[in-house]
Structures are given as structure tokens and as C-alpha cells.
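Here is a friendly walk through one protein model, taking some of its strands and then its cavities. Have a look at it first, and read on with the structure beside you.

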Amino acid sequence: MKDNIFDTIVIGSGISGGWAAKELAEAGLKTLVLERGRDVKHVKDYPTTNMYPYEFEHRLEVPLKLREENPIVSKCYAFNEDAEHFFVKDTEHPYKQKKPFDWIRGYQVGGKSLLWARQTQRWSDFDFEGPLRDGFAVDWPIRYKDLAPWYDHVEKFVGISGNRDGIAAIPDGIFQPAFPLNAVEEYFKNVLLKSYKDRHVVSARCAHLSKPEPIHIAQGRVKCQNRTLCQRGCPFGGYFSSNAVTLPWAEKTGNMTLRPFSVVESIIYDDQTQKAKGVRIVDTNTKESYEYYAKIIFVNASTVNTNLILLNSKSKRFPNGLGNDSGVLGKYIAFHNYSTRVYADYDGELNHYKIDGRNPAGGGYMPRFRNLYKQETDFLRGYATGFGASRSTYQETSSFGENLRDNLLNPKLGHWWVGAQMMGETIPKKENKVYLDLNEKDAWGVPILNFDIDYDDNDEKMSKDFVDQFTEMYEKAGFSNIHSSIDKQPPGLDIHEMGGVRMGRDPKTSILNEWNQMHDCKNVFVTDGACMTSTATQNPSLTYMAMTARAVNYALSEMKKGNF
Amino acid sequence: MNRRDAIKGLSILAGGMWLMKSCSLDPESASIELHNYKMTKKMEDVLSILVKTILPLKGNEPEEIKNLHLFVMKMVDDCHDKSEQQIFTDSLEDLIRGNWHTKSKPFITSTGEEKNMMVGLLNVLDDSNMKKCFEIAKRRTIQGYNNSAYLMKTKGTYELIPGRYNGYAKV
């Protein structure tokens, strides 16, 4: 095989690209994985993973200069001194904001799979049927039954902890033991069971190993050690990332070639064969261009970058971007509404309990209960909730001298408090879009992107409902000091932007078919967030992984039939 | 403040490498290199005494704790803006002169009792530049103390690898 000819190319090495690489390489296909950032090898390239807070120059605080130079990424909860090297800095890859959008990125091998919150829930048909039932976007071309076996497939390999809760909104999966709810989380769960029909608090399901299976040991991973320092990369492989799991597995086959420092400028379309024949890249170190060729291309560059690559892949056949006969490419971008939180205090008979150790699952999860079986409110769809109770120590610091020193050395136990984080489904709209700039290009000669994405009236009504509902639930639980915040933050900090290359039944209104395959360019597949027709409320990465494995399986069967 | 002790303590201060590179040999300036504001030796001396009055030593603490004022200086350098840095240094000058309150005296040469009295005043001062300076010094002193190897390793206040979670631990 010539150096630049492969069986398959995967653009992007993040959570879905890593899966494409693993499945394709395992199937015996010579697979080139292109990553725009630097390599990050598991353990070896986690420089901060074993550092104590006192070993950081600023004790985990981000210095002022870095914050001032990077006002956007500084908003991200995980952008601290221990993980800032895994985030793209604001000026590294500029973009234009027609409306404000906080675009959070990780450009290195593994991408944001190093940084994700590891929360995983399956979609149900309440989600897949959403657009059809409620009259927005287009009908999903698949249903839960199509993805269920692939959720099984990925969950076994990834290692997911959770309980079989028997809740229709979030189908049960293949689980290792859950990280249990604490005393006050369990209490709130029971209050809801007594007071409502369909409101549940479950142990948050997450991609952490609580009881590794032989496959995980074979991956070189061991039980999660409750460090909750995941964003640094984990030396135990206690959580799932491309770096710890899928990429080394693909590498082991001998069929994967990983090329970091490779910005994909475009996919090359061959007008003669009516197929994509390869990709054109710019090496970020030398700025030289190269072409690589393959029979099948998987685009997993992360939602917005996938849109960018496809929009920039123009040809005589596709003057508006690859596969864009419908004109929807770059449009119907959506996200999760994370703007709203409700907090309260607890003071009661559970005060004789406290927390010991750390919970990598983060606490509890409440699946969507609004408009689940039918439309019931003045807004469409609804929200899931990250719910947690906490009790930490505090130090009395108002004094000075020996008194202060003694207080610092003898912290007091604080009271229990609870917090609920809204994770709202947003409605994909044509007006929410990204598009190429006509004038400006980035450092690698690729047009920069314009973001024109905003909240709408539905999001505002949903936020208000979240505050109302949680206030009511907290009151029923006897919590006190109930207070809420609705941040006027731009979209983006959810880091769940999706769409632009949506799946659908009709090539006139969608880009991808039921197999994540381009309607009009059959050897190109998109399985990252760009493919999503709607957002549901679930943390999306598990669904991206399942879709990727399913799409690869289909691509392989088509390949066997000689269709590429 | 003994400069030799401060420099000797540099390598032991957590994040030691950066301080090793940045120690200053100019006898009139601060003992560590600061990039965004200037401190004189006198300012450093008064800060060191202030920090030790805010958080007195028992006597058996390591160099890291004895030189907490260096951490305060570093954090003011890297994590505070120009106006806060100006307020900080101007107020340290006022502390040296002792002219910031009707009851204040030059800080460095005051007795232990007088120093305690002045820090007591600072602790309850109304909002002013001097109060802002004191709050920065106190906050960063507490931060440095809480995030020290002394507390975390020796006193066991932080576990890198808990290996457990119990949401029903008995108080």
C-alpha cells in the first residue's frame, strides 16, 4: 500500500472517532486517523495527573493573564491549572460570533474524551419520536430498537456504572455496580416517589469502572479510584477516553496509522466516480498540504468542525458543501440549555450522616419528566437534571492569629445542601447555523466559521418551569433557603452542540440516512454530534459511540457487497 | 526577614522549580522575581511580618510555611490586576510608615502586642485601600497554608487517591 492510500480514513480522534478507528481497525481495515492536535499517549502524556494541589504554581487557580487572554474558555468549569493544557485557547482557532457562542474545544489526540463529564444515558423512543410527535426538525430515521444492540456493544467495552432502574425515559443498559446516592439524595428520591408519578432520582450512570470485567483488564484498566481528577487523564484508566481505551485497542491491531498535527481542509470528491476519494490536510507544523485516499471516510471532527470540513468540501457536484443538495448543511444546530440551577439547604434527622471520599458519578440524575407521554406545558420537550447533595467542611476565617490558625487546623462540618442543574432539550431551527466566512481564513488557510446561534422563547419558558418545579419539589422535601440562578450565559458551555449534518428519511431535508451515511455521497459517514436531528436531554456521547459502532458495521457490510 | 533563609526556603516551597529560577540577588528588591509589579525588600519584610501575625507559627513548621509571604507575593504577581497590585504595594508602604490609622505605628519596629493590635484593627477596618490590601494578604495566606504540603501530607488534609465513597458516613 502506498503511504497515502488506506482502506478507511477517520477524521478526528475524540470519543466517536476513537470508536470508528477501533471498529475499523479490528475488522482488518488499514485505517488512517487524522487528528488536528498533538498526540497524547495514555498516562505518559498526562503531565499533571499525579500532582497534589501544592505542586501547582498557583494551587489550581488560572493566572490572570491566561484568563484575560482567554475569556471564553475560562468560563468552562474544567478549565483550571491542572487541565488547561487540554483546552484550545481562544486565539488558537478564532471564530466569529454573529450572536455570542462559547465554543469549547480540545484539539489533541483524544479530543474532549479526556475532559468529558463521563455521564451516560441511553436515548428512548420518547426522544427518537420527539420531532415527529411535536412537529419540529424532521423525523429521525431510526428508533431505539435500531440502536439498542449497539448501546449494548459499546457499554460492555466502555464500562458503565449504574442501576437497572426500570425507567422508560432512560432504558437500562449493561452496568457495573452504581456509585450509590448519598443520604440526602436518597431522601429526596423517596420524597419524589411518594409525591409524584414519574419523577425519579437515580444514581448517575457514568463511564467509570466500579467492577472491571476481563475486557477492561485486557485494556490495561483497573477500578476507578474516586480521585475525581479525570480531566487530567487517569493513570488507572478508571474512566473511558479514546486515549485510554479505543485508540490503544486500534493500535494493537497493527491496522491503525495515527497522524496528529493534521487539519483536514476538505474532503475530495471525485466527479467521475461520484464518491469521495480522500481528504486534503494541512500539516500544522510545516503548513504543507497533503492528500490521503481511502474507500470510506468517517467524519468525527466534533460537531462544528465536521460542519466546517463539509462546508469547505466544494466541488462541481456539490458547490455548497459535500452532500448538501438539501441546503441544510450547517443549519439546525442545537445545544443543551444549561443556564438554570436551583439550590437549597437541608437540616434534619440526616444530619448525623456526612460524606467520606469522593463520588466520580457526581451524585444523582433525574430523567426528563415534562411532556414525556404527551404535551402538557406551554413549552415543547423538557429537561433532565443533574441533582446532587453535598456536605463539606468549612473553616471559620474571620479571626486572626492563633485563633485563626486553630480554626484552619480544625475545620467544622457544614450543613447539607442540594443543587439541581438543568439540562434542557433545545429545538433545532434553520436560523441556528454556522457558515463559512467569505473573507477570513485561519492559520492553515481554512475559512473561519461564523456562529449564528441563540436561545429562544421555548428555552426561556423551560427555564422558568425548571425553577418552579424544583422550588415545589424542594418545598415538599422540607428544604430551606431555596434559591435559583438563571445565567444569561451564551449557548455553548453545555459543550453539547449538535446538528448541522442531520439524519433524516428524505434527502431533500437531511444530509444523512438511517446509517449515518450521506444520502448523496455513499462512502462518507458522519457519527459525531453533527449527525443529530434533535438533542433530547441525555448526555450525548454514549449515543455517538453507539451510532459510530452501528455505522461502521453497516459500512463493513456494504464493503463486503462491493458497494464502495 | 533573613534573606538567606528565604532563598534557602525557595526550593522547598511547593512549585519550587519556578522560584529557584526567579530568586533575585538585588539587595534592595524583593527576594523573588516579580513580573507584573515591584516590591522592595522593605515591603517584603513588612509583608512577611504581617503574614506571621495573621497566621503565627508554632515554631515547628517547615520552610514552606515560614515563607508563606513568598506565595502571597507570587499570587499577587500572577492573579491580581494592576490596580490591585498598586493598592497592595501602596498599602504596604503605609504599613511601613504606620500612618494609616490614628492608633497605628510603623509595623516592622512595633512590639508583638502592637502588631497584634494593628492586625486586629485591619481585620475590622471599613472598606478602603488598606482593607483591600489586608484582605488580599489574608486570603492568599490562608490559601497558601491550606494548600501546603505541610497540611496536605503531614496533617493529611487531602487524599490524592481516596479509593472510596461513602454517602452515609457517620458523623
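Buried means under 20% relative accessible area with a 1.4 Å probe and protein chains only; strands (E, at least two residues) and helices (H or I, at least four) are DSSP runs, numbered from the N terminus.

β9(A) pairs with β1(A) in the parallel sense over four bridges, and here A:V10 stands opposite A:F298. Strands count as paired if DSSP finds at least two bridges between them. Strand β23 (residues 524–526) of chain A also runs parallel to β9(A), joined by three bridges, and in β23(A) the bridge partner of A:F298 is A:F525.

## Strand β2 and the crossover

In strand β2 (residues 31–34) of chain A, A:T31 and A:V33 point one way and A:L32 and A:L34 the other way, all of them buried. Strand β1 (residues 8–11) of chain A pairs with β2(A) in parallel over four bridges, with A:I9 opposite A:L32. Between β1(A) and β2(A) the chain passes through helix α1 (residues 15–26) of chain A, a right-handed β-α-β crossover: with the strands pointing away from the viewer, the path from the first strand over the helix to the second runs clockwise.

β2(A) is also joined to strand β5 (residues 256–259) of chain A by four bridges, and the two run parallel. A:V33 stands opposite A:L258 in β5(A).

## Cavities

Four cavities of 30 Å³ or more turn up in a search of the whole structure. On a 1 Å grid over the protein atoms alone, a cavity is a set of points where a 1.4 Å probe fits but cannot get out, and lining residues have an atom within 4 Å of a point. Points are joined across faces, edges and corners, and the volume is the space filled by probe spheres set on them.

The largest cavity holds about 70 Å³, and its lining includes A:H208, A:C224, A:R227 and A:Y239. That lining divides into five nonpolar, six polar and one charged residue. Nonpolar covers Ala, Val, Leu, Ile, Met, Phe, Trp, Tyr, Cys and Pro, charged covers Asp, Glu, Lys and Arg, and the others, Gly among them, are polar.

The second largest cavity holds about 40 Å³. Among its lining residues are A:D127, A:R368 and A:Q538, and the lining has five nonpolar, two polar and two charged residues.

## About the model

This is a predicted model: local features need pLDDT of at least 70, side-chain atom pairs count only at pLDDT 80 or more, and totals for chains, interfaces and linings use all residues. Residues are numbered from 1 along each chain as its sequence is written, chains are lettered from A and ligands numbered from 1 in the order in which they are written, and side-chain values use heavy atoms, with hydrogens and water left out.

Conventions. On a 1 Å grid over the protein atoms alone, a cavity is a set of points where a 1.4 Å probe fits but cannot get out, and a pocket is an open set with protein on both sides within 12 Å along at least five of seven lines; lining residues have an atom within 4 Å of a point. Buried means under 20% relative accessible area, exposed over 50%, partly exposed in between (1.4 Å probe, protein chains only).
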